[in-house]
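Subject: Structure handover

Hello,

Here is the structure you asked about. My notes follow below it.

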Amino acid sequence: MADGSDNGQSKADTRFVGVPMNTPSVDDWFVREVIPLEGLLMQFLNRCLRNPSDAADLRQDVYVKVYEAAQKRIPDPARPFVMTIARNLVVDRIRHAQVISIESVADFEQLSIESDEPGPDRTAAARSELGRLRRALDRLPERRRQAMILRKIEGLSRREIAIRMGISEATVAEHLAAGMSVIVSAINGDPSADGDVS
Amino acid sequence: MSGPQSDKDCQGIPASQIEVEAISWVERADREDWGAQDDASLAEWLGRSTAHRISYLRIRDGWKRADRLVALRGTFGTPKENTGTRTRRMRLHIAAAAIAAVSLVGIWSVVSTNQPQASVYSTDLGGHKVLTLADGSQIELNTETEIRTKFDEHKRTVWIDRGEAFFKVVHDAGRPFVVLAGNHRITDIGTKFVVRREPDQLQVTLVEGSAEIDSPNQPGSQHAILQPGDVAIATATAMSVVKTTQESIARELSWRKGVLVFDRTTLADAAAELNRYNERKVFVADSDAAQQRIVGTFPANNVDLFGRVAQSVLGLHVKERGKNIVISQ
(Lines give C-alpha, C1' and ligand atoms only; values in the text may rest on other atoms or scores of the structure.)
Protein backbone atom coordinates (compact mmCIF):
# COMPACT_ATOMS: atom_id res chain seq x y z
CA MET A 1 0.00 0.00 0.00
CA ALA A 2 1.46 3.31 -1.09
CA ASP A 3 -0.66 5.32 1.26
CA GLY A 4 -0.74 9.10 1.05
CA SER A 5 1.60 9.18 -1.92
CA ASP A 6 -0.45 11.93 -3.53
CA ASN A 7 0.08 14.44 -0.67
CA GLY A 8 -3.64 14.61 0.15
CA GLN A 9 -4.09 17.99 -1.52
CA SER A 10 -7.84 18.06 -1.07
CA LYS A 11 -10.51 16.30 0.89
CA ALA A 12 -11.40 14.28 -2.17
CA ASP A 13 -7.87 12.91 -2.41
CA THR A 14 -7.94 11.48 1.07
CA ARG A 15 -10.83 9.25 0.16
CA PHE A 16 -8.51 7.29 -2.08
CA VAL A 17 -5.67 6.96 0.40
CA GLY A 18 -4.92 3.32 0.78
CA VAL A 19 -5.56 2.42 -2.84
CA PRO A 20 -2.40 0.62 -3.90
CA MET A 21 -0.56 2.09 -6.85
CA ASN A 22 2.41 0.21 -8.20
CA THR A 23 3.95 3.07 -10.05
CA PRO A 24 2.83 6.27 -8.36
CA SER A 25 5.04 8.60 -10.38
CA VAL A 26 3.73 7.33 -13.73
CA ASP A 27 0.19 7.39 -12.38
CA ASP A 28 0.62 10.99 -11.26
CA TRP A 29 2.17 12.01 -14.54
CA PHE A 30 -0.62 10.28 -16.46
CA VAL A 31 -3.35 12.07 -14.53
CA ARG A 32 -1.55 15.43 -14.61
CA GLU A 33 -0.31 15.50 -18.21
CA VAL A 34 -2.23 12.99 -20.32
CA ILE A 35 -5.84 13.13 -19.14
CA PRO A 36 -6.07 16.92 -19.73
CA LEU A 37 -5.39 16.15 -23.43
CA GLU A 38 -8.47 13.97 -23.65
CA GLY A 39 -10.67 16.69 -25.18
CA LEU A 40 -8.22 17.22 -28.02
CA LEU A 41 -7.63 13.49 -28.43
CA MET A 42 -11.33 12.64 -28.58
CA GLN A 43 -12.01 15.46 -31.01
CA PHE A 44 -9.41 13.91 -33.28
CA LEU A 45 -10.59 10.30 -32.81
CA ASN A 46 -14.27 11.16 -33.22
CA ARG A 47 -13.58 12.87 -36.50
CA CYS A 48 -11.46 10.02 -37.79
CA LEU A 49 -13.72 7.19 -36.74
CA ARG A 50 -17.22 8.60 -36.62
CA ASN A 51 -18.43 5.75 -34.40
CA PRO A 52 -18.17 6.94 -30.75
CA SER A 53 -17.59 3.47 -29.33
CA ASP A 54 -14.69 2.92 -31.76
CA ALA A 55 -13.26 6.22 -30.57
CA ALA A 56 -13.49 5.11 -26.92
CA ASP A 57 -11.78 1.82 -27.78
CA LEU A 58 -9.00 3.62 -29.57
CA ARG A 59 -8.62 6.05 -26.67
CA GLN A 60 -8.02 3.04 -24.47
CA ASP A 61 -5.36 1.75 -26.86
CA VAL A 62 -3.70 5.16 -26.97
CA TYR A 63 -3.64 5.45 -23.17
CA VAL A 64 -2.25 1.92 -22.73
CA LYS A 65 0.57 2.61 -25.20
CA VAL A 66 1.34 5.98 -23.63
CA TYR A 67 1.32 4.59 -20.11
CA GLU A 68 3.55 1.64 -20.97
CA ALA A 69 6.02 3.88 -22.77
CA ALA A 70 6.08 6.20 -19.76
CA GLN A 71 6.97 3.28 -17.48
CA LYS A 72 10.29 3.14 -19.33
CA ARG A 73 10.81 6.84 -19.74
CA ILE A 74 8.40 9.70 -19.16
CA PRO A 75 8.02 11.66 -22.39
CA ASP A 76 8.31 15.41 -22.12
CA PRO A 77 6.38 17.27 -23.44
CA ALA A 78 3.42 14.90 -23.32
CA ARG A 79 1.20 16.44 -25.96
CA PRO A 80 3.10 15.70 -29.20
CA PHE A 81 3.92 12.23 -27.87
CA VAL A 82 0.28 11.37 -27.15
CA MET A 83 -0.98 12.80 -30.44
CA THR A 84 1.68 10.96 -32.45
CA ILE A 85 0.66 7.67 -30.85
CA ALA A 86 -2.98 8.47 -31.63
CA ARG A 87 -2.14 9.29 -35.22
CA ASN A 88 -0.14 6.08 -35.68
CA LEU A 89 -2.88 3.92 -34.19
CA VAL A 90 -5.45 5.52 -36.49
CA VAL A 91 -3.23 4.87 -39.51
CA ASP A 92 -2.71 1.24 -38.41
CA ARG A 93 -6.40 0.76 -38.04
CA ILE A 94 -7.16 2.33 -41.38
CA ARG A 95 -4.54 0.19 -43.15
CA HIS A 96 -5.85 -2.90 -41.46
CA ALA A 97 -9.42 -2.14 -42.45
CA GLN A 98 -8.36 -1.46 -46.05
CA VAL A 99 -10.27 1.77 -46.04
CA ILE A 100 -9.08 5.29 -45.74
CA SER A 101 -10.88 8.12 -44.09
CA ILE A 102 -10.47 11.49 -45.65
CA GLU A 103 -11.16 13.28 -42.38
CA SER A 104 -8.19 11.57 -40.80
CA VAL A 105 -5.81 12.92 -43.38
CA ALA A 106 -7.23 16.40 -43.21
CA ASP A 107 -6.83 16.16 -39.45
CA PHE A 108 -3.27 14.88 -39.63
CA GLU A 109 -2.34 17.93 -41.59
CA GLN A 110 -3.95 20.15 -39.01
CA LEU A 111 -2.38 18.15 -36.21
CA SER A 112 1.17 18.64 -37.38
CA ILE A 113 0.59 22.37 -37.37
CA GLU A 114 -1.07 22.35 -33.97
CA SER A 115 1.21 20.07 -32.04
CA ASP A 116 3.85 22.71 -31.29
CA GLU A 117 1.40 25.14 -29.81
CA PRO A 118 0.96 25.41 -26.05
CA GLY A 119 -1.97 23.64 -24.43
CA PRO A 120 -5.27 25.35 -23.80
CA ASP A 121 -5.32 28.13 -21.24
CA ARG A 122 -5.98 26.53 -17.87
CA THR A 123 -8.26 29.25 -16.55
CA ALA A 124 -10.45 29.22 -19.62
CA ALA A 125 -10.46 25.43 -19.44
CA ALA A 126 -11.57 25.48 -15.82
CA ARG A 127 -14.36 27.93 -16.59
CA SER A 128 -15.74 25.91 -19.47
CA GLU A 129 -15.39 22.73 -17.42
CA LEU A 130 -18.25 23.67 -15.12
CA GLY A 131 -20.39 24.58 -18.13
CA ARG A 132 -19.69 21.20 -19.71
CA LEU A 133 -20.58 19.45 -16.46
CA ARG A 134 -23.80 21.38 -16.22
CA ARG A 135 -24.80 20.51 -19.80
CA ALA A 136 -23.91 16.86 -19.28
CA LEU A 137 -26.05 16.74 -16.13
CA ASP A 138 -28.93 18.45 -17.91
CA ARG A 139 -28.87 15.85 -20.65
CA LEU A 140 -28.96 12.85 -18.30
CA PRO A 141 -32.32 11.08 -17.98
CA GLU A 142 -34.30 12.40 -15.00
CA ARG A 143 -33.64 9.58 -12.51
CA ARG A 144 -29.96 9.38 -13.33
CA ARG A 145 -29.54 13.11 -12.96
CA GLN A 146 -31.35 13.05 -9.64
CA ALA A 147 -29.06 10.28 -8.35
CA MET A 148 -25.98 12.20 -9.53
CA ILE A 149 -27.13 15.41 -7.85
CA LEU A 150 -27.86 13.65 -4.57
CA ARG A 151 -24.47 11.95 -4.61
CA LYS A 152 -22.15 14.63 -5.90
CA ILE A 153 -23.87 17.84 -4.83
CA GLU A 154 -25.80 16.81 -1.73
CA GLY A 155 -23.12 14.30 -0.69
CA LEU A 156 -25.52 11.47 0.19
CA SER A 157 -24.41 7.85 0.47
CA ARG A 158 -25.77 5.15 -1.82
CA ARG A 159 -28.15 3.95 0.89
CA GLU A 160 -29.44 7.47 1.61
CA ILE A 161 -30.06 8.03 -2.10
CA ALA A 162 -31.96 4.75 -2.30
CA ILE A 163 -34.24 5.83 0.56
CA ARG A 164 -34.71 9.34 -0.80
CA MET A 165 -35.60 8.11 -4.29
CA GLY A 166 -37.54 5.05 -3.13
CA ILE A 167 -35.47 2.62 -5.20
CA SER A 168 -33.06 -0.22 -4.43
CA GLU A 169 -29.37 0.36 -3.75
CA ALA A 170 -28.53 -1.74 -6.78
CA THR A 171 -30.57 0.61 -8.98
CA VAL A 172 -28.82 3.60 -7.42
CA ALA A 173 -25.49 1.97 -8.29
CA GLU A 174 -26.65 1.58 -11.90
CA HIS A 175 -27.75 5.21 -12.13
CA LEU A 176 -24.47 6.38 -10.64
CA ALA A 177 -22.37 4.20 -12.93
CA ALA A 178 -24.13 5.44 -16.05
CA GLY A 179 -23.94 9.02 -14.81
CA MET A 180 -20.25 8.76 -13.92
CA SER A 181 -19.30 7.60 -17.39
CA VAL A 182 -20.96 10.66 -18.93
CA ILE A 183 -19.65 13.09 -16.31
CA VAL A 184 -16.04 11.94 -16.66
CA SER A 185 -16.15 12.27 -20.46
CA ALA A 186 -17.77 15.68 -20.12
CA ILE A 187 -15.23 17.00 -17.64
CA ASN A 188 -12.45 15.79 -19.92
CA GLY A 189 -13.96 17.73 -22.81
CA ASP A 190 -14.89 14.79 -25.02
CA PRO A 191 -17.00 16.57 -27.66
CA SER A 192 -19.36 13.60 -28.01
CA ALA A 193 -20.20 13.80 -24.30
CA ASP A 194 -20.97 17.47 -24.69
CA GLY A 195 -23.43 17.02 -27.53
CA ASP A 196 -21.07 19.06 -29.71
CA VAL A 197 -20.48 16.49 -32.40
CA SER A 198 -21.19 18.47 -35.53
CA MET B 1 4.25 -4.30 -11.40
CA SER B 2 1.81 -4.12 -14.23
CA GLY B 3 3.88 -6.08 -16.70
CA PRO B 4 3.60 -5.81 -20.44
CA GLN B 5 2.17 -9.34 -20.59
CA SER B 6 -1.03 -7.82 -19.30
CA ASP B 7 -1.45 -5.84 -22.47
CA LYS B 8 -2.46 -8.82 -24.53
CA ASP B 9 -5.11 -9.90 -22.03
CA CYS B 10 -7.15 -6.84 -22.81
CA GLN B 11 -6.66 -6.62 -26.52
CA GLY B 12 -10.04 -6.68 -28.17
CA ILE B 13 -11.94 -6.12 -24.93
CA PRO B 14 -14.14 -3.07 -25.52
CA ALA B 15 -13.17 -0.01 -23.51
CA SER B 16 -16.77 0.30 -22.34
CA GLN B 17 -16.62 -3.09 -20.60
CA ILE B 18 -13.43 -2.23 -18.74
CA GLU B 19 -14.90 1.15 -17.93
CA VAL B 20 -17.94 -0.43 -16.27
CA GLU B 21 -15.60 -2.35 -13.96
CA ALA B 22 -13.42 0.69 -13.30
CA ILE B 23 -16.50 2.74 -12.44
CA SER B 24 -17.69 0.12 -10.04
CA TRP B 25 -14.29 0.17 -8.27
CA VAL B 26 -14.24 3.96 -8.04
CA GLU B 27 -17.82 4.10 -6.87
CA ARG B 28 -17.14 1.52 -4.18
CA ALA B 29 -13.91 3.21 -3.09
CA ASP B 30 -15.95 6.39 -2.74
CA ARG B 31 -18.08 4.69 -0.06
CA GLU B 32 -17.57 4.40 3.65
CA ASP B 33 -17.42 0.61 3.97
CA TRP B 34 -14.14 0.03 2.18
CA GLY B 35 -11.81 -2.45 3.87
CA ALA B 36 -8.41 -4.06 3.56
CA GLN B 37 -9.91 -6.92 1.60
CA ASP B 38 -11.15 -4.40 -0.99
CA ASP B 39 -7.66 -2.92 -1.26
CA ALA B 40 -6.28 -6.32 -2.09
CA SER B 41 -8.98 -7.08 -4.69
CA LEU B 42 -8.52 -3.71 -6.36
CA ALA B 43 -4.73 -4.17 -6.42
CA GLU B 44 -5.23 -7.54 -8.07
CA TRP B 45 -7.62 -6.09 -10.68
CA LEU B 46 -5.32 -3.16 -11.43
CA GLY B 47 -2.31 -5.43 -11.76
CA ARG B 48 -4.04 -7.57 -14.35
CA SER B 49 -3.55 -5.12 -17.21
CA THR B 50 -2.52 -1.62 -18.14
CA ALA B 51 -5.95 -1.13 -19.69
CA HIS B 52 -7.51 -1.67 -16.25
CA ARG B 53 -5.09 0.77 -14.68
CA ILE B 54 -5.53 3.61 -17.17
CA SER B 55 -9.31 3.22 -17.12
CA TYR B 56 -9.32 3.34 -13.32
CA LEU B 57 -7.02 6.39 -13.21
CA ARG B 58 -9.16 8.19 -15.74
CA ILE B 59 -12.47 7.56 -13.96
CA ARG B 60 -11.03 8.25 -10.51
CA ASP B 61 -9.52 11.54 -11.64
CA GLY B 62 -12.65 12.69 -13.49
CA TRP B 63 -14.94 11.75 -10.64
CA LYS B 64 -12.73 13.61 -8.19
CA ARG B 65 -12.69 16.72 -10.37
CA ALA B 66 -16.48 16.54 -10.64
CA ASP B 67 -16.52 17.53 -6.94
CA ARG B 68 -16.74 21.06 -8.23
CA LEU B 69 -20.32 20.31 -9.17
CA VAL B 70 -21.17 21.53 -5.64
CA ALA B 71 -20.85 25.00 -7.16
CA LEU B 72 -24.13 24.25 -8.91
CA ARG B 73 -25.94 23.51 -5.65
CA GLY B 74 -29.39 25.08 -5.64
CA THR B 75 -29.43 25.73 -9.37
CA PHE B 76 -31.52 22.67 -10.14
CA GLY B 77 -35.17 23.67 -9.93
CA THR B 78 -38.28 21.64 -10.53
CA PRO B 79 -37.64 20.61 -14.10
CA LYS B 80 -40.92 18.79 -14.73
CA GLU B 81 -43.07 21.88 -14.41
CA ASN B 82 -40.69 24.02 -16.39
CA THR B 83 -40.37 21.73 -19.38
CA GLY B 84 -44.17 21.28 -19.47
CA THR B 85 -44.77 24.99 -19.84
CA ARG B 86 -41.97 25.39 -22.33
CA THR B 87 -43.29 22.59 -24.53
CA ARG B 88 -46.80 23.98 -24.54
CA ARG B 89 -45.58 27.44 -25.42
CA MET B 90 -43.38 26.04 -28.16
CA ARG B 91 -46.31 24.12 -29.64
CA LEU B 92 -48.27 27.36 -29.86
CA HIS B 93 -45.39 29.00 -31.70
CA ILE B 94 -45.16 26.11 -34.13
CA ALA B 95 -48.90 26.21 -34.76
CA ALA B 96 -48.76 29.95 -35.42
CA ALA B 97 -45.82 29.52 -37.78
CA ALA B 98 -47.62 26.74 -39.63
CA ILE B 99 -50.68 28.92 -40.14
CA ALA B 100 -48.47 31.74 -41.41
CA ALA B 101 -46.69 29.37 -43.79
CA VAL B 102 -49.96 27.99 -45.14
CA SER B 103 -51.33 31.44 -45.87
CA LEU B 104 -48.05 32.42 -47.52
CA VAL B 105 -48.23 29.41 -49.84
CA GLY B 106 -51.82 30.35 -50.61
CA ILE B 107 -50.80 33.83 -51.68
CA TRP B 108 -47.94 32.58 -53.84
CA SER B 109 -50.21 30.08 -55.60
CA VAL B 110 -52.60 32.84 -56.55
CA VAL B 111 -49.77 34.98 -57.88
CA SER B 112 -48.26 32.20 -59.95
CA THR B 113 -51.62 31.15 -61.40
CA ASN B 114 -51.93 34.56 -62.90
CA GLN B 115 -48.39 34.62 -64.25
CA PRO B 116 -47.50 31.57 -66.28
CA GLN B 117 -43.73 31.41 -66.70
CA ALA B 118 -41.22 29.54 -68.84
CA SER B 119 -37.62 29.84 -67.72
CA VAL B 120 -34.25 28.15 -68.07
CA TYR B 121 -31.95 27.58 -65.09
CA SER B 122 -28.48 26.06 -65.20
CA THR B 123 -25.26 25.50 -63.29
CA ASP B 124 -21.68 25.21 -64.48
CA LEU B 125 -19.15 22.54 -63.54
CA GLY B 126 -18.98 22.44 -59.73
CA GLY B 127 -22.00 24.75 -59.45
CA HIS B 128 -24.88 24.53 -56.99
CA LYS B 129 -28.08 26.58 -57.03
CA VAL B 130 -31.27 26.61 -54.98
CA LEU B 131 -34.38 27.88 -56.79
CA THR B 132 -37.59 28.74 -55.01
CA LEU B 133 -40.46 28.75 -57.45
CA ALA B 134 -43.57 30.87 -57.35
CA ASP B 135 -45.63 28.02 -55.89
CA GLY B 136 -43.18 27.59 -52.99
CA SER B 137 -41.62 24.43 -54.43
CA GLN B 138 -37.84 24.24 -54.35
CA ILE B 139 -35.43 22.85 -56.89
CA GLU B 140 -31.78 22.44 -56.04
CA LEU B 141 -29.41 22.06 -58.98
CA ASN B 142 -26.20 20.06 -58.72
CA THR B 143 -23.10 20.45 -60.91
CA GLU B 144 -23.53 20.89 -64.71
CA THR B 145 -27.29 20.83 -64.66
CA GLU B 146 -29.86 22.48 -66.85
CA ILE B 147 -33.63 22.61 -66.38
CA ARG B 148 -36.57 24.47 -67.87
CA THR B 149 -39.79 25.24 -66.06
CA LYS B 150 -43.22 26.14 -67.30
CA PHE B 151 -46.12 26.79 -64.98
CA ASP B 152 -49.71 27.49 -65.99
CA GLU B 153 -52.99 27.19 -64.12
CA HIS B 154 -53.42 23.49 -64.93
CA LYS B 155 -49.95 22.12 -64.70
CA ARG B 156 -46.43 22.69 -63.45
CA THR B 157 -43.83 21.24 -65.81
CA VAL B 158 -40.07 20.96 -65.36
CA TRP B 159 -37.74 19.57 -68.02
CA ILE B 160 -34.41 18.26 -66.81
CA ASP B 161 -32.15 18.45 -69.83
CA ARG B 162 -28.99 17.29 -68.09
CA GLY B 163 -27.46 16.82 -64.64
CA GLU B 164 -29.05 16.26 -61.26
CA ALA B 165 -31.67 18.08 -59.22
CA PHE B 166 -33.37 17.72 -55.88
CA PHE B 167 -37.08 18.56 -55.84
CA LYS B 168 -39.14 19.62 -52.84
CA VAL B 169 -42.62 19.99 -54.22
CA VAL B 170 -45.53 21.80 -52.65
CA HIS B 171 -48.45 19.57 -53.53
CA ASP B 172 -51.43 20.95 -55.42
CA ALA B 173 -54.03 18.38 -56.47
CA GLY B 174 -55.49 20.74 -59.06
CA ARG B 175 -52.12 21.45 -60.64
CA PRO B 176 -49.85 18.41 -60.93
CA PHE B 177 -46.08 18.83 -60.82
CA VAL B 178 -44.44 16.91 -63.64
CA VAL B 179 -40.73 16.38 -64.33
CA LEU B 180 -39.81 15.33 -67.85
CA ALA B 181 -36.43 13.76 -68.61
CA GLY B 182 -36.08 12.47 -72.14
CA ASN B 183 -38.81 9.90 -72.60
CA HIS B 184 -39.49 9.57 -68.90
CA ARG B 185 -42.05 11.38 -66.83
CA ILE B 186 -42.18 11.76 -63.07
CA THR B 187 -45.48 12.91 -61.64
CA ASP B 188 -45.39 14.22 -58.11
CA ILE B 189 -47.94 13.22 -55.51
CA GLY B 190 -46.60 15.59 -52.79
CA THR B 191 -42.97 14.81 -52.36
CA LYS B 192 -39.20 15.23 -52.15
CA PHE B 193 -37.09 13.42 -54.71
CA VAL B 194 -33.81 13.54 -56.66
CA VAL B 195 -33.50 13.12 -60.39
CA ARG B 196 -30.12 12.38 -61.94
CA ARG B 197 -29.96 12.32 -65.68
CA GLU B 198 -27.01 10.68 -67.39
CA PRO B 199 -26.52 10.08 -71.11
CA ASP B 200 -27.73 6.48 -70.97
CA GLN B 201 -29.97 6.36 -67.92
CA LEU B 202 -32.19 8.22 -65.51
CA GLN B 203 -32.11 7.69 -61.76
CA VAL B 204 -34.93 8.84 -59.50
CA THR B 205 -34.62 8.52 -55.71
CA LEU B 206 -37.70 9.17 -53.64
CA VAL B 207 -36.96 10.81 -50.28
CA GLU B 208 -40.42 11.64 -48.96
CA GLY B 209 -44.02 11.35 -50.10
CA SER B 210 -44.82 9.54 -53.30
CA ALA B 211 -44.39 9.95 -57.06
CA GLU B 212 -45.16 8.11 -60.24
CA ILE B 213 -42.66 7.41 -63.01
CA ASP B 214 -43.52 6.31 -66.55
CA SER B 215 -42.55 6.84 -70.18
CA PRO B 216 -45.66 8.28 -71.85
CA ASN B 217 -44.32 8.25 -75.42
CA GLN B 218 -43.40 4.59 -75.37
CA PRO B 219 -46.46 2.39 -75.75
CA GLY B 220 -46.43 -0.63 -73.45
CA SER B 221 -43.60 0.71 -71.29
CA GLN B 222 -43.42 0.18 -67.56
CA HIS B 223 -44.53 2.52 -64.87
CA ALA B 224 -44.10 2.52 -61.12
CA ILE B 225 -45.34 4.33 -58.04
CA LEU B 226 -42.33 5.22 -55.91
CA GLN B 227 -42.39 5.16 -52.12
CA PRO B 228 -39.78 6.69 -49.78
CA GLY B 229 -36.48 4.85 -50.13
CA ASP B 230 -37.23 3.65 -53.68
CA VAL B 231 -34.62 4.17 -56.38
CA ALA B 232 -35.84 3.83 -59.96
CA ILE B 233 -33.33 3.38 -62.75
CA ALA B 234 -34.77 3.85 -66.21
CA THR B 235 -32.96 3.34 -69.49
CA ALA B 236 -34.37 3.74 -72.99
CA THR B 237 -35.79 0.23 -72.86
CA ALA B 238 -36.16 -0.88 -69.25
CA MET B 239 -36.91 0.28 -65.73
CA SER B 240 -36.08 -1.23 -62.36
CA VAL B 241 -36.91 -0.15 -58.82
CA VAL B 242 -34.84 -1.06 -55.75
CA LYS B 243 -35.12 -0.13 -52.08
CA THR B 244 -32.29 1.78 -50.45
CA THR B 245 -31.49 2.86 -46.89
CA GLN B 246 -31.82 6.22 -45.14
CA GLU B 247 -28.01 6.43 -44.89
CA SER B 248 -27.60 5.79 -48.56
CA ILE B 249 -30.12 8.52 -49.40
CA ALA B 250 -28.36 10.95 -47.06
CA ARG B 251 -25.08 10.10 -48.80
CA GLU B 252 -26.62 10.64 -52.19
CA LEU B 253 -27.90 14.06 -51.13
CA SER B 254 -24.62 15.21 -49.56
CA TRP B 255 -23.85 17.36 -52.62
CA ARG B 256 -26.47 19.75 -51.33
CA LYS B 257 -23.98 20.62 -48.58
CA GLY B 258 -21.05 20.81 -50.97
CA VAL B 259 -19.55 17.51 -49.87
CA LEU B 260 -19.33 13.95 -51.15
CA VAL B 261 -19.76 11.12 -48.69
CA PHE B 262 -18.01 7.87 -49.45
CA ASP B 263 -18.71 4.68 -47.58
CA ARG B 264 -16.37 1.92 -48.66
CA THR B 265 -16.57 3.36 -52.13
CA THR B 266 -13.91 2.14 -54.56
CA LEU B 267 -11.28 4.70 -55.49
CA ALA B 268 -12.47 4.44 -59.10
CA ASP B 269 -16.07 5.32 -58.24
CA ALA B 270 -15.00 8.07 -55.86
CA ALA B 271 -12.78 9.61 -58.53
CA ALA B 272 -15.61 9.48 -61.07
CA GLU B 273 -17.91 11.19 -58.60
CA LEU B 274 -15.33 13.87 -57.82
CA ASN B 275 -14.76 14.45 -61.54
CA ARG B 276 -18.38 15.50 -61.93
CA TYR B 277 -17.53 18.66 -59.99
CA ASN B 278 -14.06 19.71 -61.06
CA GLU B 279 -12.10 20.92 -64.04
CA ARG B 280 -9.04 19.21 -62.58
CA LYS B 281 -9.73 15.50 -63.13
CA VAL B 282 -8.54 12.47 -61.20
CA PHE B 283 -7.48 9.42 -63.20
CA VAL B 284 -6.91 6.06 -61.56
CA ALA B 285 -4.31 4.31 -63.70
CA ASP B 286 -4.50 0.65 -62.67
CA SER B 287 -7.04 -1.80 -61.35
CA ASP B 288 -5.21 -2.47 -58.06
CA ALA B 289 -5.42 1.18 -57.11
CA ALA B 290 -8.98 1.39 -58.46
CA GLN B 291 -10.15 -1.37 -56.10
CA GLN B 292 -8.98 0.36 -52.90
CA ARG B 293 -11.88 1.57 -50.83
CA ILE B 294 -12.37 4.82 -49.02
CA VAL B 295 -14.64 6.12 -46.30
CA GLY B 296 -15.32 9.71 -45.36
CA THR B 297 -16.78 13.10 -46.06
CA PHE B 298 -14.94 15.08 -48.63
CA PRO B 299 -15.29 18.63 -50.00
CA ALA B 300 -16.51 18.24 -53.59
CA ASN B 301 -14.06 20.83 -54.88
CA ASN B 302 -10.82 19.66 -53.23
CA VAL B 303 -8.98 17.45 -55.71
CA ASP B 304 -5.64 18.02 -54.00
CA LEU B 305 -6.86 16.64 -50.71
CA PHE B 306 -8.07 13.54 -52.53
CA GLY B 307 -4.59 13.07 -54.00
CA ARG B 308 -2.92 13.51 -50.61
CA VAL B 309 -5.23 10.92 -49.08
CA ALA B 310 -4.34 8.39 -51.75
CA GLN B 311 -0.66 9.12 -51.25
CA SER B 312 -0.25 9.36 -47.50
CA VAL B 313 -2.76 6.80 -46.30
CA LEU B 314 -3.09 4.27 -49.09
CA GLY B 315 0.55 4.60 -50.09
CA LEU B 316 -0.33 5.03 -53.76
CA HIS B 317 1.66 7.06 -56.27
CA VAL B 318 0.21 10.38 -57.26
CA LYS B 319 1.54 12.26 -60.28
CA GLU B 320 0.56 15.54 -61.86
CA ARG B 321 -0.25 15.32 -65.53
CA GLY B 322 -1.04 18.73 -66.92
CA LYS B 323 -3.78 20.11 -64.74
CA ASN B 324 -4.97 16.61 -63.81
CA ILE B 325 -3.70 14.02 -61.36
CA VAL B 326 -3.00 10.35 -61.94
CA ILE B 327 -3.12 7.79 -59.14
CA SER B 328 -1.38 4.44 -59.50
CA GLN B 329 -0.20 1.51 -57.39
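In chain B, 47% of the contacts with a separation of 6 or more are between residues 24 or more positions apart. Contact means heavy atoms within 4.5 Å. This is a predicted model, so local features need pLDDT of at least 70, side-chain atom pairs count only at pLDDT 80 or more, and totals for chains, interfaces and linings use all residues. Residues are numbered from 1 along each chain as its sequence is written, chains are lettered from A and ligands numbered from 1 in the order in which they are written, and side-chain values use heavy atoms, with hydrogens and water left out.

Chain B has nine helices and 16 strands. Both are DSSP runs numbered from the N terminus: helices are H or I with at least four residues, strands are E with at least two. Of the 329 residues in chain B, 43% are buried. Buried means under 20% relative accessible area, exposed over 50%, and partly exposed in between, with a 1.4 Å probe and protein chains only.

Between the chains

Trp63(B) sits in helix α4 (residues 50–65) of chain B. Its relative accessible area is 1%, so Trp63(B) counts as buried. Beyond its neighbours within four places in sequence, Trp63(B) contacts Met148(A), Arg151(A), Lys152(A), Met180(A) and Val184(A), plus Val26(B) and Asp30(B). Glu27(B) is 36 residues from Trp63(B) in sequence, with 9.0 Å between their C-alpha atoms.

Glu27(B) forms a salt bridge with Arg151(A), with 3.0 Å between the closest N and O atoms. The term means a side-chain nitrogen of Lys or Arg within 4 Å of a carboxyl oxygen of Asp or Glu. This pair crosses between chains, from helix α2 (residues 15–29) of chain B to helix α8 (residues 142–153) of chain A. Glu27(B) and Arg151(A) are both buried.

Other salt bridges

Over all chains, the whole structure holds 28 salt bridges. One joins Asp61(B) and Arg65(B) at 2.7 Å, N to O. These two are four residues apart in helix α4 of chain B, so about one helical turn separates them. Asp61(B) is buried at 7% relative accessibility. Arg65(B), at 25%, is partly exposed.

Another salt bridge links Asp135(B) and Arg156(B) at 2.4 Å, N to O. Asp135(B) is in the loop between β2 (129–132) and β3 (138–141) of chain B, and Arg156(B) is in strand β5 (residues 156–168), so the pair ties together parts 21 residues apart in sequence. Both residues are buried. Elsewhere, salt bridges with shared partners join Glu164(B), Arg196(B), Glu198(B), Glu273(B) and Arg276(B) into one network.

A loop threonine

Thr143(B) lies in the loop between β3 and β4 (146–151) of chain B. Thr143(B) is buried, at 3% relative accessibility. Its side chain reaches the backbone nitrogen of Gly126(B) at 2.8 Å.

Which residues touch the most other members of the largest nonpolar core? They are Phe30(A), Leu45(A), Val62(A) and Trp45(B), in a core of 65 residues. A nonpolar core is a set of buried Ala, Val, Leu, Ile, Met, Phe, Trp, Tyr and Cys residues joined through side-chain atoms within 4.5 Å. Helix α4 (residues 52–72) of chain A gives the most to this core, with eight residues. A second, separate core has 27 residues, including Leu131(B) and Val179(B).

A sheet in chain B

Three strands form an open sheet with mixed pairing, in the order β13-β16-β15. Two strands pair if DSSP finds at least two bridges between them. The edge strands are β13 (282–284) and β15 (317–321), each pairing on one side only. β15(B) runs antiparallel to strand β16 (residues 324–328) of chain B, joined by five bridges. His317(B) stands opposite Ser328(B) in β16(B).

Regards

Technical notes:
A polar contact is a pair of N or O atoms within 3.5 Å; within protein, one must be able to donate a hydrogen and the other to accept it, and residues adjacent in sequence count only if both atoms are side-chain atoms.
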